Amino acid sequence: MDTTTKAISWGESVARHLLDATVCPVCGLDGLAAGCCIRCGTDLRGAYGAELWEASTSAAAALRAREAVLSRAPQSSATPDDTAAPASASPDAAASASASPDDTATPASASPDAAASALTTTPAPPSAPPGTRAFPQPRLPRSSATVQSVLAIAGAGLFAIAALIFTFLNPDLSDRGIRSVVVGLVTLVFLGGAYMLARRGLQFSAEAVGGLGLVFVSLDVYAFAQLGRGDAVTWLLAALATAVAGAVMLIAGRLSQIRVWHWVAMLAVATVPAMLGYAASSSYVAALGHLGSAFLATALIAASARIAASSNLAKRSLAAFQVIAVLSAVPLSVFGAFSFGVTVVAMLGLSAVFALIALHAVLAARQLLGHWWSFVAGGSATSALVLATTSPVAHSAGQWLPAVLPTAAAFAIALIAVTPGMRTLVRSMLATGGIVVVGVLGVIPVLYAAATAIEALGAVVRGAVVSGDGGAVLAEPSDWAPLLGMAGIAAGLALFGGLVRDRDTRHARRIDAFDDIRRPGGEREPHQSLRGFAAGTDVVAIGAAVLTVLTLACSDLLPLVARLVIVLGAAAITAVALSRTKGAVNDPLTPHRVVLLIGIHAAVAVGILISWIDPQTVPLAGIGAVAVLALASRTLPHGIRFLHVGAGFAYALVCLAQALAQTDLGSIAVLCLVTTAGLVGAIVVTFLPRVRARDWYAVLVVTSVPFAAGIVQVIFERSGWTALSTALMFALALSLVLTRRPGLNIVLRTLASGMLVPTVAVVVVCLGAQVLAVSASPVTLPVIAAIVALVLPSTTLIRDALRHNGLPADASAAARVAIEASALLTGAIATVLALAREAAGLGTTFLVLMILGVGAAASAVFTRRRYAWWVAGAAFTGALWCIWTMNGVDLLEAYLLPPALGAATIAAVLSARGIDVRGLYAAGLGLAVLPSLALLVLVEPDARTAVEVPWRAFALLAGGTVLLGIGTWCGRLGRRYRTARMRRLVPATFAAAGVAAIAGPVQGIRMGLGADLGRCTE
């Protein structure tokens, strides 16, 4: 080999691979975990690992020595044609040539006889390229299965079937002895044939025929077992025959290399203890027999590598047999132990069975299925300890088993999982097995917790108080057993976590002190840490403790007051502890912290729930619940604390309502007082800048709920209580408009501005209802109209005042618009109420409309709001109609002509000022002419509608004449002063005059039909 190259040679690469302690030598996975392969399960710890490491070290040293020899290989001066001959020589010849130092220079002089022998044994491989070394090709395995062997196997199978039919289905062969002799002879024929085939090298045929022979061997065993009388003797004979047959076939398989013989023989020998157990006619002894078979299978797996040519198949079969034997032993042992009742002896016996299962699992974990057997070891050892420790109280104090069993299991896993030694077990799976047992035994306490929670909820729904002073202590002490069981689980798992962390700490100190203690190959002694597993059990322990406290609060084991103190006190202590943890608010949420936070909030919820069992305790319990909720908010980030603020403030109002409900106050008074309290709180919070915006929003949202309920209540009943709450709402809205606290945006300020006028109106209505003995509508509605009339022309002043107060221009403008819109809405509602309420009457409506009209006109003058003229016109028109109605006027023209002529006059004035309002002018003239003409045309002439003088027609004709004159005058006026302002009105004026002139023909038609004057002349 050229030493100047930097490439790594094949031998060096293999040597490095052999010395790589992180790669599994079996499956090649890169990443061993504590000396065990997570893919194939190979265990490289202990003596076997040391032996394998020594072998790998020796092989690597040999490879590197070989590379050193190759590096000194001399160079040949022969031609390429001469080097082809030794390249095709046999490996034996090449080895003999290289072994002689004298012949190293002439490799072409290899032994011809050796080469010829190699050529006759295997075909010569293809010649290697010039300049390279030739390596021998491996001989491929050849199957012995041929057409002849398959036909022979088929014939043997047919022969076996014929022998079985002849022996068992032949009516002439009824003697059992003769039948057994025939089966025995057939057995010898098949076994002997299989042995001869194996000696001839026909392995496939030998395996098949040998398998058929084993079928007859089993029939021989069955025939021998039938010689016994009774089940016990039969099983004993079967066990004896199976043991003998298995031993013989095991030896025969070893000698003949027939794999099916020693494979089946090992399985048969493993079943012997189970047969002996069946002979005792006891389920418990049968379970021991199954365990004996499992132990024997473990021993056979340990010896299978030496006594079996196909050890992998045998080991896997025996491993599956172990699993089946152990799993079937559990129900047998339970049924047998408790068949005579729950006694100390039965529980100790069952504990012994689980102890044997644990011992077998420890032994079996060294071989195959290490994770499974570690799990079984943990579960069975925990069960054994639980049964052994609880056996003294099983019979005498069975009612305490819900407390004793889970507690014992939890403490047992704490002891088992940290027991020193047990390096062959996977400690995480060992602890998992124990946890499963704890979970199964903890089902009873969990079901009890669910039942108590449902019962507490049912008590709240029914409104029933538990007996006595809110819950009496039960007489039976054993009723505490489920709670003690949950507490025991929490304590045991907490102890487990503490022991695990202490074990890891001591190991770390030992490693630091004795860092030179290493495994062969330079690796430290493996240590299986359970710190991650303990983190999970800590979470379960915290959850169990939380569930214990919540269950105690929901149960009736203590008086209600005591339960409230316990559950709220525990939540408060936990919240304080969490809030004082370093970096508690900013640290990421861990599972432990999440469970504690859930427990705190669940405790508050349970405290609130059970307090409603007795309504008398709700106010005091509510104080504690709100205080705990405030403490709980400090354990969470600032961004979500507003939820606690809102919830706490809402429940505080609920508790206040419950306290007021216990007095003589009515429901309206209670609602208004609660609303008042909420509004006072909102006002106070508004002027506290230290309160964050989200918390302030939460208070405002909560306050709006009772206020909305109070507003709805005003519709049905008005009193001084509603006036009080509404007045405070006005104060809150005014504070929101004027203040500049952080978080007050334009939307909220605009909403508050829109609530000012309506709240004042509601206050006026409620005070009027409270003060006046009669209906207050004739008084309150004009007052409300006066308020609206004062607000409308003042909106500009309000906007300027807000801007001078420091508010932005857009916020001030939005507030002005909201105040103006709410004032108009309030005026409209006052008008509707004046028309709808009988107590108000048309006089009140006239007064309301006049006041509103004056206010709208003032608004149009001072604020330059053009729409206000329309509002004023509508208000004045309505007031006029009220006057006509009160005086009994029913003429249509009396209601339409004033607003129509007023609209036309205003349009003419505006046109003279240069404003184009032709539409308004036309609408006014049309409203003045068209309704009268329609009455003249559409009303049928009869005796009821006939009049002595047709004044409507004459009035329309006169009006048309006046309109013609006005139109002519406007046209001339425009030409004289050279302006076209008034000429815009000429077409509409002439059109209205033309429409009015239609009254003449219409009246003539009516007279011709005999109506009006025609009827009078007759």
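This is a predicted model: local features need pLDDT of at least 70, side-chain atom pairs count only at pLDDT 80 or more; totals for chains, interfaces and linings use all residues.

Colleague: Let's start with Thr826. Why is Thr826 called buried?

Modeller: Its relative accessibility is 7%, and buried means under 20%, so Thr826 counts as buried. Thr826 sits in helix H33, residues 809–836. Leaving aside residues up to four places away in sequence, Thr826 touches Val757, Pro758, Ala761, Ile784 and Val788.

Colleague: And what makes Ala61 partly exposed?

Modeller: Ala61 has 47% relative accessibility. Ala61 belongs to helix H2, residues 46–70.

Colleague: How do you know that the length of helix H28 agrees with what it should span?

Modeller: Helix H28 has 19 residues, 720–738, and at 1.5 Å a residue these should span 27 Å. The expected span uses one less than the number of residues. The end C-alpha atoms of H28 are 27 Å apart, so the two values agree.

Colleague: What do the buried residues of H28 pack against?

Modeller: They pack against helices H26 (667–686), H27 (693–716), H29 (746–754), H30 (756–771) and H32 (795–804). Among the buried residues of H28 are Thr722, Leu728, Met729, Leu732 and Leu736.

Colleague: Now the surface. Which residues make the nonpolar patch?

Modeller: Phe224, Leu227, Leu240, Val244 and Val248 make a patch of about 450 Å². Helix H9, residues 231–256, gives the largest share, 3 residues. Leu227 is in the loop between helix H8 (203–225) and H9.

Colleague: Why is Leu227 called exposed?

Modeller: Exposed means over 50%; Leu227 has a relative accessible area of 56%, so it is exposed.

Colleague: How many aromatic pairs are there?

Modeller: The structure holds 5. In one of them, the ring centres of Trp881 and Tyr895 are 6.2 Å apart and the planes are at 65°. Pairing needs centres within 6.5 Å, and edge-to-face needs planes over 60 degrees apart, so this pair is edge-to-face. Trp881 is in helix H35 (residues 867–886) and Tyr895 in helix H36 (residues 892–912), so the pair ties together parts 14 residues apart in sequence.

Colleague: Are those two residues buried or partly exposed?

Modeller: Trp881, at 35%, counts as partly exposed, whereas Tyr895, at 16%, is buried. Elsewhere, ring pairs link Trp372, Trp373 and Phe375 into a cluster.

Technical notes
Residues are numbered from 1 along each chain as its sequence is written. Side-chain values use heavy atoms; hydrogens and water are left out. Helices (H or I, at least four residues) and strands (E, at least two) are DSSP runs, numbered from the N terminus. Buried means under 20% relative accessible area, exposed over 50%, partly exposed in between (1.4 Å probe, protein chains only). Contact means heavy atoms within 4.5 Å. Patches are made of residues with over 30% relative accessible area and no salt bridge: like charges are joined within 9 Å, nonpolar side chains (Val, Leu, Ile, Met, Phe, Trp, Tyr) within 5 Å. Accessible areas come from the Shrake-Rupley method with a 1.4 Å probe; for residues, only the protein chains shown count as cover. A salt bridge is a side-chain nitrogen of Lys or Arg within 4 Å of a carboxyl oxygen of Asp or Glu. Rings of Phe, Tyr and Trp (its six-membered ring) pair if their centres lie within 6.5 Å; planes under 30 degrees apart count as stacked, over 60 as edge-to-face and the rest as tilted.
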